[in-house]
Amino acid sequence: MSAFIIVEALAAAPPITGIILYGILHKRRIAAETTRDVEPPFASVDLPAPGFLLRRFNHEERAYLLRYKTGLIVVIAMMLWFFTVNLCGGLLPSSIADVAKDGFAGSGPQNIWYSYLSQITTSCFILFSMFPLFAGAAAVADIGMIDPARFPRTRPISRSLLFWGRVLPSLAAILTTFVIAALLSLLLLRICYGPVYNHLQNAASTLSHPGSADGDSDDLTLLLQTSVPRIFLSGITRSLLGFSLAVAAMMLPFQVKRQPILGVLMMLGFMGYQTSFISSNFAPPAFARILFIYTEMGPPPPYVFALVPILISTALILLAGKLSNRLQT
Amino acid sequence: MKTFAIQTDSLVKTYGFGSKQIRAVDGLSLNVPEGSIYGLLGRNSSGKTTTIRMAMGLARPTSGEIKVFDLNPTDDPERIRVLRQVGYVPEDKMLVGLSPRRLLELNRNFYPDTWSDELARKVVKRLELPLDTTFMKLSLGNKTKSALAMAIAQRSRLLILDEPTTGLDPIALDELLRLLVEDCTADGRTIFLSSHQLAEIEQIADHIGILDRGKILLEGPLDDIRSSFRRLTVTGSALPSNGPSILSTKRQPHATQYVIQRDPDAFASKLASNGATIVESAPLSLSEIFIELCRTAEGREENASEVLA
C-alpha cells in the first residue's frame with residue numbers, strides 16, 4: 001500500500017470515528033433529555049470557578065469564552081492528530097522504500113532523513129493551507145455572519161472580546177499544535193530510527209562535486225541545503241497566513257460580502273493561494289521566496305522573509321478586528 | 001419626571017449608495033416611556049426592524065441619535081450596559097442552533113443577576129415549548145416561543161420584541177399576551193414590540209407609535225389616540241373639505257364622511273353651529289386609525305411627487 005494512502009487513512013480514521021461516536025452519543029443524550037421533566041432546573045450548568053486564564057473576565061464574558069471551549073478542544077485534538085500524522089508520514093517504511101525506488105541512492109539513514117523532509121516539504125501543503133483556512137473561518141463563523149452573529153452580538157459582551165475571544169484561542173491552538181506535532185515527529189524519528197541526521201556530516205564530506213550532473217549528488221546536495229528550522233517556520237507562517245486570510249474574509253461587511261464579484265475574486269485568491277503551495281512550478285519563485293513559502297527541498301529562503309507573512313497576517317487580523325467592530329448592517 | 005426607555009431624535013438610517021440608496025429610517029423621533037407597553041406599528045419595510053436593530057447596537061445610525069435608558073447603544077462600553085438591561089426577540093427568530101433547553105441554559109449565564117429559572121419554566125409550560133427538539137426540527141412557532149422564553153426569563157428592564165407573534169397559534173398567542181401583561185411589566189419594566197397584528201397590540205399596549213416609510217405618523221398613549229380619532233358622517237351645505245383636525249374627507253351622494261384626528265367634539269360643535277347635521281359619530285378601531293393614517297400619508301407623498309414632477 002502506498003505511503004500516501006496510509007497517511008491519509010490514518011489521518012481520516014479518528015475524525016470519522018469521532019463523528020460517528022458523537023452522533024450515537026448525541027442521539028442517546030437527546031433521548032434521555034426528552035424523558036426529563038421541565039420541573040427540575042435547566043440542568044446544573046453554572047459556570048465553573050474561573051482558572052488562571054479566565055480570572056480577569058466577568059461572568060458574562062466567561063460564559064461567552066467557555067461556550068467555545070468544547071469546539072476548541074475538538075479543533076485542537078483534530079489538528080494535533082492531522083499535523084502529527086502528516087508530519088510523521090515520511091517515517092513509514094513504505095515512504096522510505098519509495099525514496100530508494102525514486103532513485104535516491106543515499107545510505108539508509110540518509111534515505112530516512114530524505115523521506116522525512118520530503119514528506120513535510122512537498123506533501124503537507126494541504127495541511128498548511130486548507131486546515132488553517134477552515135479553522136479561521138470556523139473560529140469567527142458565529143460572529144461574522146448575519147444570522148448566527150445575532151445571538152452573541154446581542155449579549156452584554158464587548159465587541160473586542162467577541163472577536164479576540166474567538167481569534168486568539170484559535171490562533172494559539174493552531175500554532176501550539178503545530179509546534180507540538182513537529183516535536184512529536186522529531187521524537188518519533190529519533191525513537192524509531194535514531195539520530196539519522198548525524199549521517200549528513202558524512203554525506204557532506206563525501207560529496208565531491210555539488211551541483212554536478214550527477215543525479216545522486218544533486219539529491220544529496222538538496223538534502224544538505226534543506227533547513228529544518230525554516231521548513232517548520234514556513235509551515236507556521238503559511239498556517240498563520242491561511243488563518244488570517246479566512247478571518248479577514250469572514251469579517252468583511254455584509255454589504256461587501258453580498259457582491260458577486262467579491263465571491264469570484266475570493267475564489268481566485270483562494271485558488272492562487274492553494275497553488276502557490278503545491279509546487280514552485282505554479283508559483284513564481286520570487287513570490288514564494290518573499291512569502292517564505294518553502295515547499296521543495298533545497299536552498300531555503302532567508303529568515304528575514306518570514307517577517308513578510310507574519311506582518312501580512314498581523315495586518316489582516318488587525319483589519320478583521322476593526323471590521324468586526326463595525327460589523328453592522 | 002417622566003423617564004424614557006428608548007428615545008430617538010431625528011434618527012436616520014440609509015442603506016446602499018447613490019441611486020440605490022434606501023432611506024429605511026427617515027428623521028424618526030420616538031419616545032418610549034419607561035414602564036409602558038409600547039406597540040410600534042407599521043407596514044412592511046416601514047423601518048420598524050431597522051429602528052430595533054439600532055436600539056440593539058446591531059446597526060449604526062447614519063445620523064441623529066438613539067438612546068436606550070439614556071445610554072448610547074451603538075458603541076462600547078455603553079452598548080454593553082444597554083444589552084445587560086434588554087431582552088430581545090429578533091424578527092426571524094434565528095438565534096443559535098441549539099435545542100430550547102440548551103439555549104435557555106446558555107442564555108442564563110449571560111444574565112446572572114436577573115435570570116429566573118422559575119419564569120423560564122413558566123413560559124415553557126404555558127407556551128408548550130418542546131425543550132429537547134433540535135433547532136433544525138423546530139417549527140417557526142416553536143422557534144418564536146424559544147426566543148420568547150429566553151428573552152422573558154431574563155427579566156430585563158426592557159423587552160424588545162420584533163414581530164413576537166410570528167408562527168404562534170391562537171392559544172399560544174393568547175398565553176403570550178397574558179404572560180407579557182402579568183409577568184413582564186412588574187417593577188416598572190418596559191415592553192417595546194413591533195407588529196402588524198394590530199388587534200393583539202390593541203389588547204395589551206398602552207402606548208402606540210405608527211411608522212410609515214421611516215417616519216413617525218403618530219405617537220402617544222393609546223387611550224388618548226382612541227379618543228382623539230372619530231368618524232363623523234355629516235349632512236349640510238358648505239362643509240369644509242380640509243382643516244387642521246381633518247385627516248380625510250369622503251364625499252358621498254347624501255352625506256360627507258370625515259375622519260377627525262384631534263378634538264372631534266369641538267369640530268362637531270363647530271359644524272353644528274354652521275347649520276350642519278351630525279348623522280353619525282363613531283370611534284375608530286386601532287386598525288382603522290392605522291389604515292387611515294397610512295393611506296393619507298401615501299396620498300400626500302404621491303401628491304408631493306406629482307408636484308415635483
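Visitor: How far apart do the C-alpha centres of domain 1 and domain 2 of chain B lie?
Guide: They lie 34 Å apart. Keep in mind that this is a predicted model.

Visitor: Where do the domain bounds of chain B fall?
Guide: Domain 1 of chain B covers 4-224, and domain 2 covers 226-308.

Visitor: And how many residues of each are in contact?
Guide: On the domain 1 side of chain B, 12 residues; on the domain 2 side, 9.

Visitor: Which elements give two or more residues to the domain 1 side?
Guide: Two helices and two strands of chain B. The helices are α7 (198-204) and α8 (222-228). The strands are β8 (207-212) and β9 (215-221).

Visitor: What classes of residue are on that side of domain 1 of chain B?
Guide: 7 are nonpolar and 5 are charged. No polar residues there.

Visitor: Switching to chain A. What is its secondary structure?
Guide: Chain A has 15 helices and 0 strands.

Visitor: What share of chain A counts as buried?
Guide: 35% of its 329 residues.

Visitor: And the contacts in chain A, how many join residues at least 24 apart?
Guide: 75%, taken among contacts between residues at least 6 apart in sequence.

Visitor: What about helix α8 of chain A, how far does it reach?
Guide: α8 of chain A runs over residues 159-193, which is 35 residues. From first C-alpha to last, the helix reaches 51 Å. That is close to the 51 Å expected at 1.5 Å a residue.

Visitor: What follows α8(A)?
Guide: Gly194(A) does. Its phi is positive, near 80°.

Technical notes. Residues numbered from 1 in each chain as written. Chains lettered and ligands numbered in written order. Predicted model: local features only at pLDDT ≥ 70, side-chain atom pairs only at ≥ 80, totals over all residues. Domains from an automatic or database assignment. Contact = placed C-beta atoms within 7 Å. Helix = DSSP H or I, 4+ residues; strand = E, 2+ residues; numbered from the N terminus. Nonpolar A, V, L, I, M, F, W, Y, C, P; charged D, E, K, R; others polar. Buried ≥ 20, exposed ≤ 12 C-beta atoms within 10 Å, placed from the backbone. Expected span 1.5 Å × (residues − 1).
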